[in-house]
Amino acid sequence: MIKKMKIWQMPLMVVCLVGFQLYSDVVFAHGERAQQAGIRMRTMYWWDVDVSPTKVKVGELVTITGKFMPSSFWPEHLASSEVASFMNIGVPGPAFLRMHSHVNGTPMVRSTRFYRGKEYHFKVVLKARQGGEYHVHPVVSVKDAGPIIASGVWITVEGERPDDFKNEVETLMGDTIDLEHYGMQEIIWFNAFWFAVGVAWLGFWFIRKDPVLLRRYTFIAEHGEAEAGSLISVKDMVVSAAFFGLTMVAIVAGYMWANAKYPNTTPLQTGKVVTNEIPQQGDVLDVVVSNAVYHIPGRAFNFDITVTNKGDSPLRVGDFATAGVRFVNADVLTVKPIDKSDPVSPAGLIVTGPAVQPGETRTLRVSANDALWEKYRLTSLIYDPDSRFGGMLFFYDDEGNRYYSEVGGVMIPDFQNVE
Amino acid sequence: MGYNDSVKDSDNQSQDDARSDMSQESAISTPEQQRRIFRAFDYMLVPVASILLGGIVVFLVALTVGDWDYWQDWRDRRWWPLITPVSVIVAPAVFTYFFWKYFRLPIAATSIVLGYMIAAWVSRYANFHLFADFPMAFVSPSNFIGMAIILDSVLLLTRSFYLQGFVGAFLWGLLIYPLNWPAAAAFHTPLVWDGYIVTAADLMGFMYIRTAMPEYVRIIEESTLRTFGEAVTPLTAFFAGFVTILNFYLWVWVGSKLAVTRWATKLI
């Protein structure tokens, strides 16, 4: 194959490869559409995600709040959020400083457990560190499973980080330290010293009257290893002993110096924290799903729900959230997308049937249809090895109170009917 | 007959041979020319080999040590001082045999580690600091130069791979923690953040967001019932020393199998 290749084809290949690199577009997203649809639908439900403000200057704070619930339909084969999870933020590198992170009021400096079917409220405070436009996502990272990403919000950070930008914190001893540059002075001196020692060692062996490598090689080749010992002089032995001794002294002295300068140190801290529990929603309604069908030609997901209203006011279905995408019933709610990439369909949910009265059990037909199914690659659910769905239905009473109910089950694809 | 006498004899003999055999074929016609070429070979080979082998160690460290060396908040008392020396000694062990057998030079560890340190600093500064925008102190590499000098000097003093492993490799594993402590101690300063005790390194890991590295991903020391009091560091250091001895012997043996001079003998 290589023999047949003409020589002029080589530079052509280089041009093609370079051109391909130059043509590549900038990537903005975090792969939130890349994960399998069924996994996204049955792992985490996100709602009320809010970012404020969405336009800041370097050094100003951004607060991200919202709610999530690990799905009760969490796939058994997937590592559970109940083992180890971390409240995370999806940003391109340290463009922001994460100042605080709380879930249910518990600080999330460390990892924790999030239990299936439990509601959690999060709040993350960021400080803008570098100018730019960033798509920021709340993320729950689950050990051995991966990141589960909420829909992102664009944040514009104006200005560039000044040279005197500081990230100051106070130590337990009362000293104020700037984490932007903390410890760098010691690192520079420490490395400069050891580089000098290393270069001196090599210099001792190579800065000599005679050449070193080939002369020593030919000597050993001619006289054999039995005579090779004569290549080492007494001076070599003395200098090597001095290097050995001084290196040991330098290591011990450096250790003692560091202990004297930093007498109070602790090991790196880890271990899971227990997240506070918050009051969960009362027993207001029961919902049973049946006949869930995804009509591929029409990009419509239809299912029947049998709702039992245990409350004291009529309930109507307002929106359906799954995999970070939200389909809204325009008869109940008026919702505007937060920004150009907010995955909300303001009129994508059609519910056939009246409000469910208190004490009543009624079957409703729900249809979520929008191009968002395609855009967010949820239609690929039909290619999953486990074609089941999960999602969150939100019901509203006449006073605007909201109640949620998790729904899920088997999804049957319909390859022919638009419906 | 000593090295200098031998070299003189060798020079005289080679002069005659060279004049009779090579004067019509080679550009080298005098001992002075040969000396200059040999000298140029020294100045060319050592830096090139150092950077090349150091670059190889960068990949080795990336594959085997990785995050333990990339981030200050991974350099704990248990895993970092155990994994790192055992892994980093591989290349010095392989090439220490080569440099000693053919040149009687105790320079393999120092030259490789120096090359590695240069490559690592360039990589961290360009990739982690300039491109990814992390504070340089948070991502600066660990330093192994002192360990390398000990390994090399022990070989010269003992002239024995066995003793080099027993003493030098043991100290290599034993001393990584105290050697690096002057640069690392600052990052173990305790703070209180949101009601929790954290070190400066922990807090930097929290604040400077690495989305792909949630807190639980860090493989660092956790409390165990088998931990003897608070003596984690010295116990780990001694264990790392013993394991490093074994790994050193293994890779010196590998080096002995790889260090063949079929091509070199044809060229020289």
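A:E133 stands opposite A:T156 in β10(A) of this predicted model. Strand β8 of chain A (residues 132–142) is joined to β10(A) by 5 bridges, and the two strands run antiparallel. Two strands count as paired if DSSP finds at least two bridges between them. Strands (E, at least two residues) and helices (H or I, at least four residues) are DSSP runs, numbered from the N terminus. Strand β10 of chain A (residues 153–158) also pairs with strand β2 of chain A (residues 55–57). Here 3 bridges are found, and the strands run parallel. The bridge partner of A:K57 in β10(A) is A:E158. In a regular strand, side chains alternate between the two faces of the sheet.

Residues are numbered from 1 along each chain as its sequence is written, while chains are lettered from A, and ligands numbered from 1, in the order in which they are written. In this predicted model local features need pLDDT of at least 70, side-chain atom pairs count only at pLDDT 80 or more, and totals for chains, interfaces and linings use all residues; side-chain values use heavy atoms, with hydrogens and water left out.

Chain A is divided into domain 1 (9–172), domain 2 (184–261) and domain 3 (285–414). These bounds come from an automatic or database domain assignment. The C-alpha centres of domain 1 and domain 2 of chain A lie 49 Å apart.

An open sheet of 5 strands is found in chain A, in the order β17-β16-β15-β20-β21, with mixed pairing. Strands β17 (344–345) and β21 (402–410) of chain A stand at the edges. Each has a single partner strand, so one side of each is left without a neighbour in the sheet. Within the sheet, strand β15 (residues 316–322) and strand β16 (residues 325–328) of chain A run antiparallel, joined by 4 bridges. The bridge partner of A:A321 in β16(A) is A:R326.

A:F389 is placed in strand β20 of chain A (residues 388–396). Its relative accessibility is 0%, and A:F389 counts as buried. Buried means under 20% relative accessible area, exposed over 50%, and partly exposed in between (1.4 Å probe, protein chains only). Neighbours within four places in sequence aside, A:F389 is in contact (heavy atoms within 4.5 Å) with several residues, including A:M41, A:R42, A:V289, A:A292, A:F301 and A:L381. Also among its contacts are A:V407, A:G408, A:G409, A:V410 and A:M411. The C-alpha atoms of A:F389 and A:A37 are 8.6 Å apart, although the two residues are 352 residues apart in sequence.

In chain B, 4 bridges join strand β1 (residues 190–193) to strand β2 (residues 196–199), and the strands run antiparallel. The bridge partner of B:W193 in β2(B) is B:Y196.

The structure holds 28 salt bridges over all chains. A salt bridge is a side-chain nitrogen of Lys or Arg within 4 Å of a carboxyl oxygen of Asp or Glu. One of them pairs A:D48 with A:K67, with the closest N and O atoms 3.1 Å apart. A:D48 lies in strand β1 (residues 44–52) and A:K67 in strand β3 (residues 61–70) of chain A, so the pair ties together parts that are 19 residues apart in sequence. A:D48 is partly exposed, with a relative accessible area of 35%. A:K67 is also partly exposed, at 21% relative accessibility.

A:E225 and B:K101 meet at 2.8 Å, N to O. A:E225 lies in the loop between α4 (213–223) and α5 (234–261) of chain A, and B:K101 in helix α5 (residues 90–103) of chain B, so the pair joins two chains. A:E225 is partly exposed at 38% relative accessibility, and B:K101 is partly exposed at 21%. A:E225 also forms a salt bridge with B:R104 (3.4 Å, N to O). B:R104 lies in the loop between α5 and α6 (108–131) of chain B, so this pair too joins two chains. B:R104 is buried, with a relative accessible area of 10%. Salt bridges that share partners join A:R129, A:R161, A:E180 and B:D133 into one network.
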